[in-house]
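Subject: Structure for you to look at

Hi,

Here is the structure I said I would pass on.

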Amino acid sequence: MARIDLLVVDDHPLLRAGVKVLLSSNSSIVITEASSGDDAIFVLKQQRVDIVLLDIDMPGKNGVDVARYIEENFPDIKTVFLTSHADFYTFASATDVAYAGFLFKENALELLSDCLATVARGDKYIGKCCVEYFTANKERLDCVRKIKMAIKLLTDTELRVLLLVSEGKTTPQIAEQLFNSAKTIENHRTNICQKLELKGSNNLLTFALENKWLFKND
């Protein structure tokens, strides 16, 4: 196997240590560690990296943020995601970002060597459990993608209004915060409902509360 410069990004020292022990017998793999998204970006700017083994759910700048940064600035670097089997929202947030591999943490170490070899060859590797999870949650994932596409139709102001609705703010409160009239805010709410195919203020509030995780960082 040709040399692989691997960046392992995870906020749990035990997982990083486990990866190092597992791969210690393979002299072709040179490992660098990062304990946060910000640390990972610093490393990416400083040295060569071929593959990033990236925990999705980290405090601060999470794995999806780092993957987007890689996609925009280092498109030749391959990303392998790590995530928890039970965390649908984290899992779904990563599915529209470019990745070369996907592993659940529950069995990541036993699949890692095969995954890295596959990704290094230029192929995509998705663990069997991930494939099963993709299949079992296909309808939910398709729904998430549809909602994301609809949210992209909103203007910046409409997006701010939607975020404030998700925080429980009333029309007068939103108007005061955005320095607009209540009538203007009502017009924004109407436009949001039309673009998201929602009927009525109650449905808008329900949508905003249930789907805040999809637009709060946009």
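Below is what I found in it, going from the whole chain to a few local spots.

Quick housekeeping: this is a predicted model, where local features need pLDDT of at least 70 and side-chain atom pairs count only at pLDDT 80 or more, while totals for chains, interfaces and linings use all residues. Residues are numbered from 1 along each chain as its sequence is written, and side-chain values use heavy atoms, with hydrogens and water left out.

The chain has twelve helices and six strands (DSSP runs numbered from the N terminus: H or I of at least four residues for helices, E of at least two for strands). Its C-alpha trace spans about 65 × 35 × 30 Å along the principal axes. Of the 218 residues, 45% are buried (under 20% relative accessible area with a 1.4 Å probe, protein chains only; exposed is over 50%, partly exposed in between). Among contacts with a separation of 6 or more, 65% join residues 24 or more positions apart (contact means heavy atoms within 4.5 Å).

Now Asp-55. UniProt lists Asp-55 as "modified residue: 4-aspartylphosphate" in an unreviewed entry; such annotations may be inferred rather than shown by experiment. Asp-55 sits in strand β3 and counts as buried because its relative accessibility is 1%. Leaving out residues up to four places away in sequence, Asp-55 touches Val-9, Asp-10, Asp-11, His-12, Gly-63, Leu-82 and Lys-105.

In α2 (residues 37-46), the buried ones are Gly-37, Ala-40, Ile-41, Val-43 and Leu-44. Seen down the axis, they fall within an arc of 160° (taken from the directions from the helix axis to the C-beta atoms), so they line one face of the helix. Phe-42, Lys-45 and Gln-46 are exposed on the face turned away from that buried side.

Further along, the unreviewed UniProt entry gives residues 147-212 as "domain: HTH luxR-type". That span is 76% helix and 0% strand, and its end C-alpha atoms lie 11 Å apart.

Last, which helix gives the largest share of the lining of the second largest pocket? That is α7, with four residues; α7 (138-151) and α10 (182-196) each supply at least two. The lining includes Cys-143, Lys-146, Leu-196 and Phe-207.

Cheers

Notes:
On a 1 Å grid over the protein atoms alone, a cavity is a set of points where a 1.4 Å probe fits but cannot get out, and a pocket is an open set with protein on both sides within 12 Å along at least five of seven lines; lining residues have an atom within 4 Å of a point.
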